Amino acid sequence: GEVAGAETLALDELRAHLVSFSSDPIEAQPYLEQLAYAIFTSGSTGRPKAVAVTHRCLTNLMNWQFGESDNDRRSMRTLQFASLNFDVSFQEIFSSLCYGGELHLIHQETQRDATLLTELLASERIERLFLPFVALENLAEAAYDRPLPGLREVVTAGEQLRITPRIAAFFSCNARCSLENQYGPSETHVVTAYRLNDAVETWRALPPIGTAIANTQVYVLDDEVKPVPMGMRGELFIGGAGVGRGYLGRAAQTAQKFVPDPFGPAGLRMYRTGDFARSLPDGNIEFLGRVDHQVKIRGFRVELGEIEATLREQPGVRDAIVVAREHGVGEKRIVAYVVPVFEAAERADRQAELEHVAEWRDLYAETYGSSGEQDPTFNVAGWGSSYT
């Protein structure tokens with residue numbers, strides 16, 4: 001039957017209309033400053049904001065990463081591991097489509113199961129893999145002693161890379177496979193890279209994020225937007241081809257984060273990352289964490305302030321604070337502490353007391369028995385007063 005308010009389409013008529021159009025290829029010639037995609041990221045207000053990224057950013061990244069590579073590296077078999085919600089998926093897709101590679105899709109079950117992922121990598125002889133740190137760690141746990149002869153390149157991003165014993169063992173077992181640590185927020189995509197080329201036993205536990213990619217500038221600046229000395233902590237700013245347009249429909253937030261670039265020609269902007277970093281003597285950049293209250297959990301950007309605000313809205317919660325803590329090696333969790341409203345806390349305490357007394361009463365009855373006879377092997381000293 002018909003649905004109220006729905007429009008009925010006559011498909012036969014529509015098909016006849018469509019065949020009247022030309023089937024010649026569309027001669028689209030996008031220019032570098034056109035919008036390539038909009039991707040959503042978190043915001044302190046609790047409403048996600050859309051980052052507008054141009055063709056220049058994506059084209060520059062592809063040209064840097066694969067444009068000057070040899071043909072064998074260009075045409076690698078690549079696994080599309082990332083969801084389309086992450087800009088890493090564009091690296092996977094376009095690194096394959098632009099340079100004659102094979103793009104292998106993955107089922108969600110395989111994506112979540114490191115053992116199944118290992119089997120897929122082996123059976124499909126996957127050569128290139130883009131993984132967030134937590135997925136790399138899971139893969140290393142499942143396959144630390146299993147060689148994957150096809151694997152040539154692993155690129156990790158989205159969260160600070162840590163070389164755990166299992167990750168070290170995995171790459172020792174796959175000596176022909178390189179590991180590259182990339183850095184870049186959604187507002188710019190990838191802007192720095194660090195390739196771990198040395199022997200695995202020499203790798204640092206917290207590798208740097210590397211140096212700027214082609215046509216990109218990375219600055220470590222102080223509160224007055226001036227360069228800090230080498231080795232000193234400052235905020236990371238990004239200039240050049242990777243800087244996006246800004247946030248769609250959010251002029252005020254765009255102005256706060258996409259600021260004038262004092263180091264380039266007039267009119268250029270740079271992105272203020274909100275990340276602490278410092279320059280190392282070898283030219284690499286070391287990541288030192290967030291300036292604000294934002295953290296990354298399994299690759300997701302999480303605003304702790306948003307969680308705190310939501311907790312404070314709950315009945316019985318007077319105040320709350322949320323932190324990110326590590327449980328074990330590389331396992332980061334969100335931990336919340338709350339201060340209850342006094343009346344609610346008093347009611348909760350009273351309920352807990354009643355439940356506690358009921359438990360003691362049951363245990364007392366089981367111990368003494370309904371007939372009043374008690375187990376001679378059981379020490380009942382103090383139990384009478386506890387029951388009372």
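Q: Which residues of helix 4 are buried?
A: The buried residues of helix 4 are S89, F90, Q91, E92, I93, S95 and S96, where buried means under 20% relative accessible area, with over 50% called exposed and anything in between partly exposed, for a 1.4 Å probe and protein chains only. Helices here are DSSP runs of H or I with at least four residues, strands are runs of E with at least two, and both are numbered from the N terminus. This is a predicted model, in which local features need pLDDT of at least 70 and side-chain atom pairs count only at pLDDT 80 or more, while totals for chains, interfaces and linings use all residues. Residues are numbered from 1 along each chain as its sequence is written, and side-chain values use heavy atoms, with hydrogens and water left out.

Q: And is helix 4 mostly covered or mostly exposed, then?
A: Helix 4, which spans residues 88-97, is mostly covered, with seven of its ten residues buried.

Q: Switching to open spaces, what is the volume of the largest pocket?
A: The largest pocket has a volume of about 1,000 Å³. On a 1 Å grid over the protein atoms alone, a pocket is an open set of points with protein on both sides within 12 Å along at least five of seven lines, a cavity is a set where a 1.4 Å probe fits but cannot get out, and lining residues have an atom within 4 Å of a point. Points are joined across faces, edges and corners, and a volume is the space filled by probe spheres set on them.

Q: What lines the largest pocket?
A: Its lining has 39 residues, of which F86, P132, R298, G299 and F300 lie nearest the centre. Among the elements giving two or more residues to this lining are helix 4 and strand 17 (300-303), while helix 7 gives the most, with four residues.

Q: What about the second largest pocket, which residues sit nearest its centre?
A: Those are D275, R290, Q294, K296 and R301, out of 35 lining residues, and the space in this pocket is about 700 Å³. Strand 15 gives the most to its lining, with four residues.

Q: How do the lining residues of that second pocket divide by class?
A: There are nine nonpolar, 13 polar and 13 charged residues, where Ala, Val, Leu, Ile, Met, Phe, Trp, Tyr, Cys and Pro count as nonpolar, Asp, Glu, Lys and Arg as charged, and the others, Gly among them, as polar.
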